[in-house]
Amino acid sequence: MAVGKSALGQQLAQQLGAPFVDTDAVIVSAHGSIADIFAGRGEHAFREIEARTVAAAVEAAEGQGTVISLGGGAVLDSGTQQTISRCTVVYLECDADTVASRIARNSGRPLLAGDAMGRWQAMFATRRPVYERLADITLDVRHGSVAELGARLEAALRDFAAAKQEVEK
């Protein structure tokens, strides 16, 4: 959450000339704001919508080289983990200091109500092992502009694809 998934995803898609899908934006377009879904229907209902949205995005993107940005909690769902196992998964590694100002500017994050940084740190402690386990590529996003990070990620993706081809030979 708040590490720049949407901005970096858009940048990468632009660099690659690929389609871009932000699953949170798809959810908002179809169901209204995430905060409203949480308030009116609860986190469980949101997570079900999210899992269906991710599955549909991955299925629609099959073979198209699409860049898909997932919400920070999407990968906690075992079905979503299985769905993305056939994708190249990138973990944008960050820390509390880096995201603190972003979180302070965005009060529309329902899971961060109250002590936002305390909640972020608790969620991150729970989620980090999942992110690390699922990631094919880990990109440190603590330093650099979106364009610089996009260039580093594109290079990492090329290296990953080359290494994968070498293993498959």
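Analyst: In what follows, Ala, Val, Leu, Ile, Met, Phe, Trp, Tyr, Cys and Pro count as nonpolar, Asp, Glu, Lys and Arg as charged, and the others, Gly among them, as polar. The structure discussed is a predicted model.

User: By class, how many residues of the lining of the largest pocket are nonpolar?

Analyst: The largest pocket holds about 1,200 Å³ of space. It is lined by 44 residues, and those closest to its centre are Ile 68, Cys 87, Thr 88, Val 89 and Val 90. Sorted by class, the lining has 9 polar and 7 charged residues, and its nonpolar residues number 28.

User: Which element gives the largest share of the lining of the largest pocket?

Analyst: The elements that each give two or more residues to this lining include the strands β2 (67-69) and β3 (90-93). Helices are also on that list, among them α1 (5-16), α4 (43-61) and α7 (116-134). The largest share, 7 residues, is given by α8.

User: Does Gln 81 count as buried or exposed, and why?

Analyst: Gln 81 belongs to helix α5, which covers residues 78-84. Leaving aside residues up to four places away in sequence, Gln 81 touches Val 75, Leu 76, Val 130, Arg 133 and Leu 134. Because the relative accessibility of Gln 81 is 16%, and the cut-off for this class is under 20%, Gln 81 counts as buried.

User: At the start of helix α2, which backbone nitrogen does a side-chain oxygen of Asp 22 reach?

Analyst: Helix α2 spans residues 23-31, and it is followed by Gly 32, whose phi is positive, near 95 degrees. At the start of the helix, a side-chain oxygen of Asp 22 comes to within 2.9 Å of a backbone nitrogen, that of Asp 24.

User: Among contacts between residues at least 6 apart in sequence, what percentage join residues at least 24 apart?

Analyst: The chain has 8 helices and 4 strands, which run α-β-α-α-α-β-α-β-α-α-β-α from the N terminus on. Of its 169 residues, 38% count as buried. Among the contacts between residues at least 6 apart in sequence, the part that joins residues at least 24 apart is 70%.

Key:
Residues are numbered from 1 along each chain as its sequence is written. This is a predicted model: local features need pLDDT of at least 70, side-chain atom pairs count only at pLDDT 80 or more; totals for chains, interfaces and linings use all residues. Side-chain values use heavy atoms; hydrogens and water are left out. On a 1 Å grid over the protein atoms alone, a cavity is a set of points where a 1.4 Å probe fits but cannot get out, and a pocket is an open set with protein on both sides within 12 Å along at least five of seven lines; lining residues have an atom within 4 Å of a point. Grid points are joined across faces, edges and corners, and a volume is the space filled by probe spheres set on the points. Buried means under 20% relative accessible area, exposed over 50%, partly exposed in between (1.4 Å probe, protein chains only). Contact means heavy atoms within 4.5 Å. A polar contact is a pair of N or O atoms within 3.5 Å; within protein, one must be able to donate a hydrogen and the other to accept it, and residues adjacent in sequence count only if both atoms are side-chain atoms.
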